[in-house]
Amino acid sequence: MKKNKSEKIRVRFAPSPTGALHIGGARSALFNYLFAKQNNGEFILRIEDTDRERSELKWVPEIIDELKWLGIEWNEGPDIGGPFGPYKQSQKTDVYKKYLEILLLEKKAYYCNCSAEELEAKRQDQQSRGLAPKYDGKCRDKNHTEGVIRFIIHAQKIKFHDLIRKDVEFDMGLLGDVVIAKNLEQALYHFVVVVDDFEMQISHVIRAEEHLSNTPRQILLQEALGFYTPIYAHLPLMLNADRSKMAKRSGDVALSDYHMKGYLPEAIVNFIVLLGWNPGTEKEIFSLAELVKEFSLEKVQKSGAVFNTQRLDFINGLYIREKSVEALTKLCLPYLPEAAGEWPEKTVHKIIASCQSRLKKLSDITDMTEFFFAEKLSFDKKMLAWKEMGDLDIREALLLCDTSLKELGASKWNAEELEKILVPLAEKFNTKNKGYLLWPLRVALSGREASAGPFELADILGKEKTLQRIQDAIHYGKTK
RNA sequence: GACCCUAUCGUCUAGUCUGGUCUAGGACACAAGAUUUUCACUCUUGUAACCCGGGUUCAAAUCCCGGUGGGGUCGCCA
């Protein structure tokens, strides 16, 4: 088996711009990046846009931005160029044409004129007889001069070593001659991937398992063209909860979906790397830099991994709690109502701080902080009652809060001072349980079953709004 | 259907190569408790798995064989 010229480790991620970057693609990119980084190698981004109908230019910047957002960087790519460019297959028609002509000349490939209908009919027939659908080679010796170009696959066994799956063997007798180009100007996937990996001197092909059975014919193509065969590593697939392949039909599969919902890039990286890999230790939280050190392809799992959102939420929450309030506020801004812009920065910081331990993802902040910005609260009056409290008890508790909070000067209106006043008050109100005073207060201020504590809330709302909401609650109880 | 890959708690997994230390470890989720005015956070505890059947062996989650389950691929998509 031929080797590539340089010893240098060169890997690539080659998405096709037919849609947003798939979260599984992001993981493939990550694994490639980590492998390159830790081996002092190079990571190449290549755009596989040979399918002219389905590829759309607009997805390229999208893919690039999302990868960058994750923290993945490449040494060569369509945006930054490099010595092995161009990095878009649509710009390499001449290169493919050259190699196609060689294959044609050497009779390793031929033109085929079979109609789509004819092929489909044969395929159906074969399948109905329990056979593997396979092209019958009808045009092989016809010497046509136009049509699609097929690469001749002779019956033989192809063995190769996969870094993750170990030795794999395929019987090529089961495969028909594969179409490698629509015509000289339009080469297809199996062909372009082989040519590009060679031209770009890729040493390791790290990609998803769905390509495992495509590998032997790509190896045959390499041999026919006199190329070396790179080292392969096929990653386990990401699965839905029902263990089917995570595909477009099934909920959120684009990295941007998770980005928009407010998952942090460091959390996504940490989560997806653990889907199919683990260090063999009990450590589970990793920064990208730590992963570069600790990641190893040998420890990659063989079977598919279910994408478990609950675990993503947990990891995301962990990273959210680690943020400084300032940083978290910045991240949350897009999820806050416009009114938040009119609030003092300090107050907004306090609002975010009051939610920090509760956030699973940034978008949760919208609902969680709604009551701060609302003019009037609306909630079930019964919610004001703590345990067995009646309307009169609630009224008494709230009136007590009202009178003592009125006394507190605006300059001393902060969570600490409020606590100093309210805690003794609550203890006096009911010696056994502070909740008889604090719960109705908190509900009056938030209108919620669950929220931060009343001192914090009152601090954020300020004296005027706090007293107003207490009054509202007192009268709410009365008029209803 | 054919071919290929794969199989440890519900989920992600450690352990499998080099059989005994595994009455199978960790994490998420779940449940209970502690703390707390509530929720969250934090802490403690608990429930929960070696796919099945043979074999090899003093001994098998670990080795071998056969089933079964799951997934992928079989395109003029990538």
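At roughly what angle do the axes of helix α5 and helix α6 cross? In this predicted model, local features need pLDDT of at least 70 and side-chain atom pairs count only at pLDDT 80 or more, whereas totals for chains, interfaces and linings use all residues. Residues are numbered from 1 along each chain as its sequence is written, and chains are lettered from A and ligands numbered from 1 in the order in which they are written.

The axes of α5 (residues 189-199) and α6 (residues 215-225), which come within 10 Å, cross at roughly 60 degrees, with axes fitted to C-alpha atoms over the stretch in contact and angles running from 0 to 180 degrees between N-to-C directions. The two helices are therefore oblique to each other, the class left after roughly parallel (under 35 degrees), roughly antiparallel (over 145) and roughly perpendicular (65 to 115). In the contact, taken as C-beta atoms placed from the backbone within 7 Å, His190, Phe191, Val193, Val194 and Phe198 of α5 meet Arg217, Gln218, Leu221, Gln222 and Leu225 of α6. These residues divide into six nonpolar, three polar and one charged.

Along its principal axes, the C-alpha trace of chain A spans about 100 × 50 × 40 Å.

Note on methods. Helices (H or I, at least four residues) and strands (E, at least two) are DSSP runs, numbered from the N terminus. Two residues are in contact if their C-beta atoms, placed from the backbone, lie within 7 Å. Ala, Val, Leu, Ile, Met, Phe, Trp, Tyr, Cys and Pro count as nonpolar, Asp, Glu, Lys and Arg as charged, and the others, Gly among them, as polar.
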